[in-house]
Amino acid sequence: QPNITRPGHAWIVQYGTPVHLTFTVDRLKDSRDGMAIWGDILVESTEQESSGVLHFARMNLTASDPKYAVASKLQVKAPELTRSECYQLLDNVVWIVLTDYRSDGPLTDLRSHLGNSSTHGYVRAPFLLPNRTTIVHAQGGEGKSWFAQALWISTVMGVYFPGAQDVEPTTGIYYDWEDDEDEASERSTALLKGFGCYQDKCLPHQELHYRRMWKGTILDRAGSMRRDIAQTGARFVVIDSLSNAIGAGGDSLTDDSTAQQFNAVVRTLPCARLVIAHQPKSLTERTGTARLFGSVFFANGARSVWELGQSEDRTVTRDDWNGAITSQLRFGLVHTKANRGRKHRPVGYTMMFEEDPEQNLAGVSIGPYDVESDIELMSMAPLVDQVGALLSNGSRSETDIASTLGCTAKIVLRILRQHPNRFTEVGSGWSRGEQ
(Lines give C-alpha, C1' and ligand atoms only; values in the text may rest on other atoms or scores of the structure.)
Protein backbone atom coordinates (compact mmCIF):
# COMPACT_ATOMS: atom_id res chain seq x y z
CA GLN A 1 0.00 0.00 0.00
CA PRO A 2 1.30 3.48 -0.85
CA ASN A 3 1.96 6.22 1.66
CA ILE A 4 -0.34 9.21 0.95
CA THR A 5 0.22 12.76 2.18
CA ARG A 6 -1.54 16.06 1.44
CA PRO A 7 0.87 19.03 1.70
CA GLY A 8 -0.91 22.23 0.76
CA HIS A 9 -3.79 20.27 -0.80
CA ALA A 10 -1.54 18.52 -3.31
CA TRP A 11 -1.44 14.72 -3.25
CA ILE A 12 1.84 12.83 -2.81
CA VAL A 13 1.58 9.07 -3.31
CA GLN A 14 4.77 7.16 -2.44
CA TYR A 15 5.46 3.52 -3.31
CA GLY A 16 8.32 1.83 -1.50
CA THR A 17 10.04 -1.47 -2.26
CA PRO A 18 10.20 -2.79 -4.92
CA VAL A 19 8.75 0.11 -6.96
CA HIS A 20 10.51 3.15 -5.42
CA LEU A 21 8.30 5.71 -7.17
CA THR A 22 6.67 8.91 -5.91
CA PHE A 23 3.70 10.51 -7.70
CA THR A 24 2.80 14.13 -6.97
CA VAL A 25 -0.57 15.33 -8.29
CA ASP A 26 -1.38 19.03 -8.11
CA ARG A 27 -3.38 21.92 -9.67
CA LEU A 28 -6.57 19.94 -10.21
CA LYS A 29 -9.17 21.79 -12.23
CA ASP A 30 -12.60 20.76 -13.49
CA SER A 31 -13.48 21.37 -17.11
CA ARG A 32 -16.29 23.85 -17.74
CA ASP A 33 -18.73 21.07 -18.64
CA GLY A 34 -17.80 19.16 -15.48
CA MET A 35 -16.98 16.01 -17.48
CA ALA A 36 -13.19 16.04 -17.02
CA ILE A 37 -10.61 16.85 -14.35
CA TRP A 38 -7.16 18.03 -15.34
CA GLY A 39 -4.08 17.92 -13.16
CA ASP A 40 -0.28 17.98 -13.07
CA ILE A 41 1.48 14.67 -12.45
CA LEU A 42 5.14 14.52 -11.44
CA VAL A 43 6.76 11.07 -11.25
CA GLU A 44 10.03 10.72 -9.35
CA SER A 45 12.26 7.74 -8.63
CA THR A 46 13.43 7.26 -5.05
CA GLU A 47 15.83 4.47 -5.98
CA GLN A 48 19.27 5.53 -4.74
CA GLU A 49 21.07 4.70 -7.98
CA SER A 50 18.52 6.36 -10.29
CA SER A 51 16.78 9.00 -8.16
CA GLY A 52 15.28 12.02 -9.87
CA VAL A 53 12.39 13.15 -12.06
CA LEU A 54 11.18 10.50 -14.50
CA HIS A 55 8.24 12.30 -16.05
CA PHE A 56 6.04 15.38 -15.77
CA ALA A 57 2.77 16.01 -17.59
CA ARG A 58 -0.48 17.91 -17.36
CA MET A 59 -3.22 15.57 -18.36
CA ASN A 60 -6.90 14.74 -18.30
CA LEU A 61 -7.04 12.43 -15.28
CA THR A 62 -10.43 11.02 -16.20
CA ALA A 63 -9.43 9.75 -19.66
CA SER A 64 -7.65 6.45 -20.41
CA ASP A 65 -5.57 7.45 -23.43
CA PRO A 66 -3.44 10.06 -21.60
CA LYS A 67 -2.66 7.52 -18.87
CA TYR A 68 -1.59 4.94 -21.46
CA ALA A 69 0.66 7.55 -23.09
CA VAL A 70 2.27 8.51 -19.78
CA ALA A 71 2.67 4.84 -18.82
CA SER A 72 4.51 4.14 -22.09
CA LYS A 73 6.95 7.02 -21.50
CA LEU A 74 7.40 5.99 -17.87
CA GLN A 75 8.21 2.40 -18.80
CA VAL A 76 11.08 3.57 -21.01
CA LYS A 77 12.68 5.34 -18.04
CA ALA A 78 11.85 2.57 -15.59
CA PRO A 79 12.63 -0.62 -17.57
CA GLU A 80 12.29 -2.82 -14.49
CA LEU A 81 8.51 -2.23 -14.78
CA THR A 82 6.30 -3.42 -17.62
CA ARG A 83 4.02 -1.02 -19.46
CA SER A 84 1.05 -2.72 -17.86
CA GLU A 85 2.53 -2.30 -14.36
CA CYS A 86 3.20 1.41 -15.04
CA TYR A 87 -0.38 1.89 -16.15
CA GLN A 88 -1.76 0.07 -13.09
CA LEU A 89 0.34 2.23 -10.76
CA LEU A 90 -0.72 5.42 -12.52
CA ASP A 91 -4.36 4.38 -12.63
CA ASN A 92 -4.30 3.57 -8.92
CA VAL A 93 -2.78 6.98 -8.10
CA VAL A 94 -5.43 8.75 -10.18
CA TRP A 95 -8.20 6.74 -8.51
CA ILE A 96 -6.88 7.66 -5.02
CA VAL A 97 -6.64 11.35 -5.90
CA LEU A 98 -9.99 11.68 -7.69
CA THR A 99 -11.85 9.74 -4.99
CA ASP A 100 -10.54 12.17 -2.39
CA TYR A 101 -11.04 15.22 -4.64
CA ARG A 102 -14.67 14.37 -5.42
CA SER A 103 -15.71 13.33 -1.94
CA ASP A 104 -17.61 15.60 0.41
CA GLY A 105 -16.74 15.88 4.05
CA PRO A 106 -17.80 13.02 6.32
CA LEU A 107 -21.16 13.00 8.09
CA THR A 108 -20.30 14.17 11.59
CA ASP A 109 -21.98 14.92 14.89
CA LEU A 110 -21.39 18.64 15.48
CA ARG A 111 -21.65 18.14 19.23
CA SER A 112 -18.05 16.87 19.17
CA HIS A 113 -16.92 20.13 17.51
CA LEU A 114 -18.82 22.65 19.61
CA GLY A 115 -16.55 25.45 20.77
CA ASN A 116 -13.64 24.16 18.66
CA SER A 117 -14.31 25.95 15.37
CA SER A 118 -11.19 26.87 13.36
CA THR A 119 -12.95 30.11 12.39
CA HIS A 120 -13.38 31.31 16.00
CA GLY A 121 -12.12 34.84 16.54
CA TYR A 122 -10.18 36.89 14.03
CA VAL A 123 -6.67 36.90 12.63
CA ARG A 124 -7.11 40.67 12.91
CA ALA A 125 -10.51 42.19 13.58
CA PRO A 126 -12.45 43.49 11.80
CA PHE A 127 -10.78 42.66 8.46
CA LEU A 128 -9.17 39.21 8.61
CA LEU A 129 -11.44 36.26 9.32
CA PRO A 130 -9.73 32.86 9.73
CA ASN A 131 -10.35 30.58 6.74
CA ARG A 132 -12.79 33.09 5.27
CA THR A 133 -12.71 35.63 2.43
CA THR A 134 -12.98 39.38 2.92
CA ILE A 135 -13.31 41.69 -0.11
CA VAL A 136 -12.32 45.37 -0.11
CA HIS A 137 -13.43 47.15 -3.27
CA ALA A 138 -13.05 50.68 -4.61
CA GLN A 139 -12.53 52.64 -7.80
CA GLY A 140 -9.04 52.96 -9.24
CA GLY A 141 -6.70 55.33 -7.44
CA GLU A 142 -8.73 55.45 -4.21
CA GLY A 143 -5.99 53.87 -2.06
CA LYS A 144 -7.14 50.26 -1.74
CA SER A 145 -3.70 48.76 -2.48
CA TRP A 146 -2.06 51.16 -0.02
CA PHE A 147 -4.61 50.06 2.58
CA ALA A 148 -4.01 46.36 1.84
CA GLN A 149 -0.24 46.65 2.02
CA ALA A 150 -0.40 48.73 5.22
CA LEU A 151 -2.70 46.15 6.86
CA TRP A 152 -0.41 43.32 5.68
CA ILE A 153 2.79 44.88 7.03
CA SER A 154 1.29 46.05 10.33
CA THR A 155 -0.25 42.63 10.99
CA VAL A 156 2.94 40.74 10.15
CA MET A 157 4.96 43.10 12.36
CA GLY A 158 2.34 43.12 15.09
CA VAL A 159 2.19 46.93 15.27
CA TYR A 160 -0.67 49.35 15.79
CA PHE A 161 -3.16 49.81 12.95
CA PRO A 162 -6.02 52.31 13.48
CA GLY A 163 -9.45 50.75 13.81
CA ALA A 164 -8.06 47.22 14.02
CA GLN A 165 -7.44 44.75 16.81
CA ASP A 166 -3.99 44.71 18.44
CA VAL A 167 -2.18 41.49 17.48
CA GLU A 168 1.08 39.67 18.03
CA PRO A 169 3.46 39.35 15.04
CA THR A 170 2.32 36.69 12.60
CA THR A 171 2.93 35.47 9.05
CA GLY A 172 1.13 36.66 5.93
CA ILE A 173 1.76 36.50 2.19
CA TYR A 174 1.10 39.23 -0.38
CA TYR A 175 0.20 37.88 -3.86
CA ASP A 176 0.54 40.70 -6.35
CA TRP A 177 -1.02 40.58 -9.81
CA GLU A 178 -0.85 44.39 -10.09
CA ASP A 179 2.69 45.66 -9.51
CA ASP A 180 6.24 44.28 -9.30
CA GLU A 181 8.88 43.83 -6.61
CA ASP A 182 10.34 47.31 -7.14
CA GLU A 183 7.00 49.05 -6.60
CA ALA A 184 6.15 46.80 -3.66
CA SER A 185 9.58 47.35 -2.12
CA GLU A 186 9.28 51.14 -2.36
CA ARG A 187 5.87 51.08 -0.72
CA SER A 188 6.98 48.64 1.96
CA THR A 189 10.03 50.73 2.81
CA ALA A 190 7.89 53.86 3.19
CA LEU A 191 5.27 52.05 5.30
CA LEU A 192 7.87 50.38 7.53
CA LYS A 193 9.36 53.80 8.24
CA GLY A 194 5.89 55.11 9.05
CA PHE A 195 5.26 52.20 11.43
CA GLY A 196 8.68 52.67 13.04
CA CYS A 197 9.83 49.20 11.96
CA TYR A 198 12.52 50.06 9.42
CA GLN A 199 15.42 49.79 11.84
CA ASP A 200 17.67 46.78 11.38
CA LYS A 201 16.74 45.46 14.83
CA CYS A 202 13.09 45.05 13.75
CA LEU A 203 13.29 43.61 10.26
CA PRO A 204 15.18 40.31 10.84
CA HIS A 205 12.48 38.96 13.14
CA GLN A 206 9.56 38.98 10.71
CA GLU A 207 9.69 38.09 7.01
CA LEU A 208 7.54 39.98 4.51
CA HIS A 209 6.57 37.13 2.21
CA TYR A 210 5.74 38.56 -1.23
CA ARG A 211 5.23 36.91 -4.60
CA ARG A 212 4.80 38.69 -7.92
CA MET A 213 2.32 36.61 -9.92
CA TRP A 214 3.76 37.06 -13.39
CA LYS A 215 2.21 34.01 -15.00
CA GLY A 216 -1.12 32.28 -14.69
CA THR A 217 -4.31 32.95 -12.81
CA ILE A 218 -5.27 31.95 -9.31
CA LEU A 219 -7.08 28.98 -10.85
CA ASP A 220 -3.68 27.76 -12.11
CA ARG A 221 -1.53 28.92 -9.19
CA ALA A 222 -3.66 27.80 -6.24
CA GLY A 223 -1.52 24.70 -5.75
CA SER A 224 1.70 26.66 -5.38
CA MET A 225 -0.09 29.16 -3.12
CA ARG A 226 -1.21 26.33 -0.84
CA ARG A 227 2.38 25.09 -0.68
CA ASP A 228 3.55 28.61 0.23
CA ILE A 229 1.00 28.72 3.04
CA ALA A 230 2.03 25.29 4.32
CA GLN A 231 5.76 26.09 4.19
CA THR A 232 5.53 29.51 5.86
CA GLY A 233 2.66 28.81 8.25
CA ALA A 234 0.88 31.90 6.91
CA ARG A 235 -2.29 32.86 8.76
CA PHE A 236 -3.51 35.18 6.02
CA VAL A 237 -2.93 36.14 2.40
CA VAL A 238 -3.64 39.27 0.37
CA ILE A 239 -4.80 38.85 -3.24
CA ASP A 240 -4.26 42.04 -5.26
CA SER A 241 -6.40 42.16 -7.29
CA LEU A 242 -9.43 40.02 -8.13
CA SER A 243 -9.80 40.82 -11.84
CA ASN A 244 -6.13 40.18 -12.65
CA ALA A 245 -6.02 37.13 -10.40
CA ILE A 246 -8.68 35.41 -12.49
CA GLY A 247 -7.28 36.75 -15.77
CA ALA A 248 -10.65 38.21 -16.70
CA GLY A 249 -11.92 41.52 -17.92
CA GLY A 250 -14.97 43.07 -19.49
CA ASP A 251 -17.92 40.76 -19.87
CA SER A 252 -16.05 37.73 -18.50
CA LEU A 253 -16.09 39.28 -15.02
CA THR A 254 -19.88 39.29 -15.12
CA ASP A 255 -19.95 35.57 -15.89
CA ASP A 256 -21.41 33.78 -12.85
CA SER A 257 -19.41 30.61 -13.56
CA THR A 258 -16.15 32.62 -13.41
CA ALA A 259 -17.10 33.97 -9.99
CA GLN A 260 -18.11 30.53 -8.75
CA GLN A 261 -14.80 29.06 -9.93
CA PHE A 262 -12.91 31.80 -8.13
CA ASN A 263 -14.86 31.24 -4.91
CA ALA A 264 -14.29 27.49 -5.07
CA VAL A 265 -10.54 27.90 -5.60
CA VAL A 266 -9.95 30.62 -3.03
CA ARG A 267 -11.72 28.54 -0.38
CA THR A 268 -8.97 25.91 -0.75
CA LEU A 269 -6.42 28.38 0.67
CA PRO A 270 -6.31 27.33 4.35
CA CYS A 271 -6.08 30.77 5.98
CA ALA A 272 -7.72 34.21 6.04
CA ARG A 273 -8.02 35.81 2.58
CA LEU A 274 -8.14 39.55 1.89
CA VAL A 275 -9.13 40.18 -1.74
CA ILE A 276 -8.75 43.62 -3.33
CA ALA A 277 -11.29 44.35 -6.08
CA HIS A 278 -12.34 47.16 -8.38
CA GLN A 279 -15.65 48.88 -8.90
CA PRO A 280 -16.46 50.66 -12.17
CA LYS A 281 -16.68 54.44 -12.09
CA SER A 282 -19.33 54.35 -14.81
CA LEU A 283 -21.62 52.27 -12.59
CA THR A 284 -21.30 54.75 -9.72
CA GLU A 285 -22.06 57.68 -11.98
CA ARG A 286 -25.03 55.93 -13.57
CA THR A 287 -26.74 54.62 -10.44
CA GLY A 288 -25.39 56.85 -7.70
CA THR A 289 -24.36 53.78 -5.71
CA ALA A 290 -21.08 51.90 -5.72
CA ARG A 291 -20.91 48.16 -6.27
CA LEU A 292 -18.25 45.51 -6.71
CA PHE A 293 -17.54 45.06 -10.42
CA GLY A 294 -18.60 41.78 -11.99
CA SER A 295 -20.91 38.94 -11.04
CA VAL A 296 -22.88 39.22 -7.82
CA PHE A 297 -21.45 35.81 -6.88
CA PHE A 298 -18.07 37.38 -6.07
CA ALA A 299 -19.65 39.27 -3.17
CA ASN A 300 -21.96 36.36 -2.34
CA GLY A 301 -18.96 34.06 -1.93
CA ALA A 302 -17.20 36.38 0.53
CA ARG A 303 -18.06 36.35 4.22
CA SER A 304 -17.33 40.06 4.62
CA VAL A 305 -17.32 42.95 2.11
CA TRP A 306 -16.02 46.50 2.64
CA GLU A 307 -16.40 49.44 0.30
CA LEU A 308 -13.55 51.97 0.29
CA GLY A 309 -14.04 55.58 -0.73
CA GLN A 310 -11.64 58.52 -0.83
CA SER A 311 -12.44 61.89 0.70
CA GLU A 312 -12.18 65.08 -1.31
CA ASP A 313 -10.55 66.65 1.75
CA ARG A 314 -6.85 66.61 0.77
CA THR A 315 -3.98 68.77 1.91
CA VAL A 316 -0.50 69.30 0.44
CA THR A 317 2.19 71.30 2.23
CA ARG A 318 5.77 72.19 1.32
CA ASP A 319 8.54 72.89 3.79
CA ASP A 320 10.08 76.21 2.76
CA TRP A 321 13.32 75.34 4.54
CA ASN A 322 14.20 71.99 2.91
CA GLY A 323 11.65 71.69 0.11
CA ALA A 324 10.09 68.49 1.48
CA ILE A 325 6.46 67.84 0.52
CA THR A 326 3.81 66.32 2.75
CA SER A 327 0.42 65.24 1.38
CA GLN A 328 -2.54 63.62 3.09
CA LEU A 329 -4.97 61.06 1.70
CA ARG A 330 -8.17 60.46 3.66
CA PHE A 331 -10.46 57.53 3.00
CA GLY A 332 -13.13 55.50 4.72
CA LEU A 333 -14.34 51.89 4.65
CA VAL A 334 -18.00 51.00 5.00
CA HIS A 335 -19.00 47.45 5.92
CA THR A 336 -21.61 46.45 3.33
CA LYS A 337 -21.83 42.72 4.04
CA ALA A 338 -21.32 40.67 7.20
CA ASN A 339 -22.15 36.97 7.33
CA ARG A 340 -20.87 36.79 10.87
CA GLY A 341 -22.77 39.00 13.28
CA ARG A 342 -23.61 42.65 12.83
CA LYS A 343 -21.94 45.02 10.42
CA HIS A 344 -19.00 46.96 11.78
CA ARG A 345 -19.10 50.72 12.17
CA PRO A 346 -17.39 52.67 9.33
CA VAL A 347 -13.62 53.03 9.72
CA GLY A 348 -11.60 56.02 8.52
CA TYR A 349 -7.89 56.55 7.82
CA THR A 350 -5.52 59.41 7.10
CA MET A 351 -2.39 58.46 5.17
CA MET A 352 0.44 60.99 5.27
CA PHE A 353 2.96 60.79 2.42
CA GLU A 354 6.34 62.44 2.95
CA GLU A 355 8.51 63.21 -0.08
CA ASP A 356 12.04 64.60 -0.21
CA PRO A 357 12.88 67.61 -2.44
CA GLU A 358 13.54 65.19 -5.36
CA GLN A 359 10.00 63.84 -4.88
CA ASN A 360 11.23 60.44 -3.69
CA LEU A 361 8.89 58.77 -1.21
CA ALA A 362 10.52 59.10 2.20
CA GLY A 363 7.83 57.64 4.45
CA VAL A 364 4.13 56.89 4.81
CA SER A 365 2.30 56.97 8.13
CA ILE A 366 -1.30 56.05 8.79
CA GLY A 367 -3.64 57.44 11.42
CA PRO A 368 -7.36 57.54 12.20
CA TYR A 369 -9.88 59.74 10.40
CA ASP A 370 -13.36 60.65 11.65
CA VAL A 371 -15.13 59.21 8.64
CA GLU A 372 -18.51 59.53 10.36
CA SER A 373 -18.24 63.31 10.07
CA ASP A 374 -17.62 63.10 6.31
CA ILE A 375 -21.10 63.39 4.78
CA GLU A 376 -19.88 62.56 1.28
CA LEU A 377 -18.16 59.31 2.27
CA MET A 378 -21.01 58.32 4.54
CA SER A 379 -23.37 58.28 1.56
CA MET A 380 -22.01 54.72 1.03
CA ALA A 381 -23.03 53.74 4.56
CA PRO A 382 -26.28 52.45 6.10
CA LEU A 383 -28.90 55.09 6.95
CA VAL A 384 -28.05 55.08 10.66
CA ASP A 385 -24.46 56.09 9.89
CA GLN A 386 -25.59 58.75 7.44
CA VAL A 387 -27.74 60.25 10.20
CA GLY A 388 -24.68 60.29 12.46
CA ALA A 389 -22.66 62.10 9.80
CA LEU A 390 -25.32 64.81 9.44
CA LEU A 391 -25.34 65.35 13.21
CA SER A 392 -21.56 65.65 13.43
CA ASN A 393 -21.78 69.40 12.82
CA GLY A 394 -24.54 70.10 15.34
CA SER A 395 -28.08 69.19 16.30
CA ARG A 396 -30.86 68.95 13.72
CA SER A 397 -34.53 68.01 13.74
CA GLU A 398 -35.73 64.68 12.36
CA THR A 399 -37.63 66.59 9.64
CA ASP A 400 -34.46 68.35 8.52
CA ILE A 401 -32.50 65.08 8.53
CA ALA A 402 -35.20 63.31 6.53
CA SER A 403 -35.29 66.11 3.94
CA THR A 404 -31.51 65.92 3.46
CA LEU A 405 -31.41 62.12 3.19
CA GLY A 406 -34.53 61.82 1.02
CA CYS A 407 -36.55 59.64 3.38
CA THR A 408 -39.47 60.14 5.76
CA ALA A 409 -39.25 61.74 9.19
CA LYS A 410 -40.89 58.62 10.62
CA ILE A 411 -37.97 56.45 9.45
CA VAL A 412 -35.42 58.91 10.83
CA LEU A 413 -37.19 59.10 14.19
CA ARG A 414 -37.23 55.32 14.48
CA ILE A 415 -33.47 55.19 13.79
CA LEU A 416 -32.75 57.89 16.35
CA ARG A 417 -34.75 56.13 19.06
CA GLN A 418 -33.29 52.70 18.27
CA HIS A 419 -29.74 53.93 18.95
CA PRO A 420 -29.80 55.84 22.26
CA ASN A 421 -26.07 55.25 22.69
CA ARG A 422 -25.38 57.23 19.51
CA PHE A 423 -28.07 59.93 19.44
CA THR A 424 -29.44 62.25 22.12
CA GLU A 425 -32.62 64.32 21.98
CA VAL A 426 -31.82 67.99 22.64
CA GLY A 427 -34.79 70.38 22.81
CA SER A 428 -36.55 70.26 19.47
CA GLY A 429 -33.70 68.41 17.73
CA TRP A 430 -31.18 65.58 17.98
CA SER A 431 -27.40 65.44 18.38
CA ARG A 432 -24.68 62.82 18.40
CA GLY A 433 -24.26 61.18 21.79
CA GLU A 434 -21.55 58.91 23.13
CA GLN A 435 -19.62 57.09 20.41
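**Helix 3 against helix 4**

Author: Let's start with the contact itself: from helix 3, S145, W146, Q149, A150, W152, I153, S154 and M157 meet A184, R187, S188, L191, L192 and F195 of helix 4. Contact here means heavy atoms within 4.5 Å, and helices (H or I, at least four residues) and strands (E, at least two) are DSSP runs numbered from the N terminus. By residue type, this contact divides into 9 nonpolar, 4 polar and 1 charged. Ala, Val, Leu, Ile, Met, Phe, Trp, Tyr, Cys and Pro count as nonpolar, Asp, Glu, Lys and Arg as charged, and the others, Gly among them, as polar.

Please keep in mind that this is a predicted model, where local features need pLDDT of at least 70 and side-chain atom pairs count only at pLDDT 80 or more, while totals for chains, interfaces and linings use all residues. Residues are numbered from 1 along each chain as its sequence is written, and side-chain values use heavy atoms, with hydrogens and water left out.

Now the geometry. Helix 3 (residues 144-157) packs on helix 4 (residues 181-195) at an angle of about 55°, their axes being 10 Å apart. Helix 3 is therefore oblique to helix 4; angles under 35 degrees count as roughly parallel, over 145 as roughly antiparallel, 65 to 115 as roughly perpendicular and the rest as oblique. Axes are lines fitted to C-alpha atoms, for helices over the stretch in contact, and angles run from 0 to 180 degrees between N-to-C directions. The crossing is right-handed, meaning that the near helix is turned clockwise from the far one by less than a right angle, and left-handed would be anticlockwise.

Next, some aromatic detail. The whole structure holds 14 aromatic pairs, in which rings of Phe, Tyr and Trp (its six-membered ring) have centres within 6.5 Å; planes under 30 degrees apart are stacked, over 60 edge-to-face and the rest tilted. One of them joins Y15 and F23, edge-to-face because their planes stand at 85°, with centres 6.1 Å apart. W146, from our contact, pairs with F353: ring centres lie 5.1 Å apart and planes at 80°, so this pair is edge-to-face. W146 lies in helix 3 and F353 in strand 14 (residues 347-355), so the pair ties together parts 207 residues apart in sequence. W146 counts as buried at 14% relative accessibility, and F353 is buried too, at 12%; buried means under 20% relative accessible area, exposed over 50% and partly exposed in between (1.4 Å probe, protein chains only).
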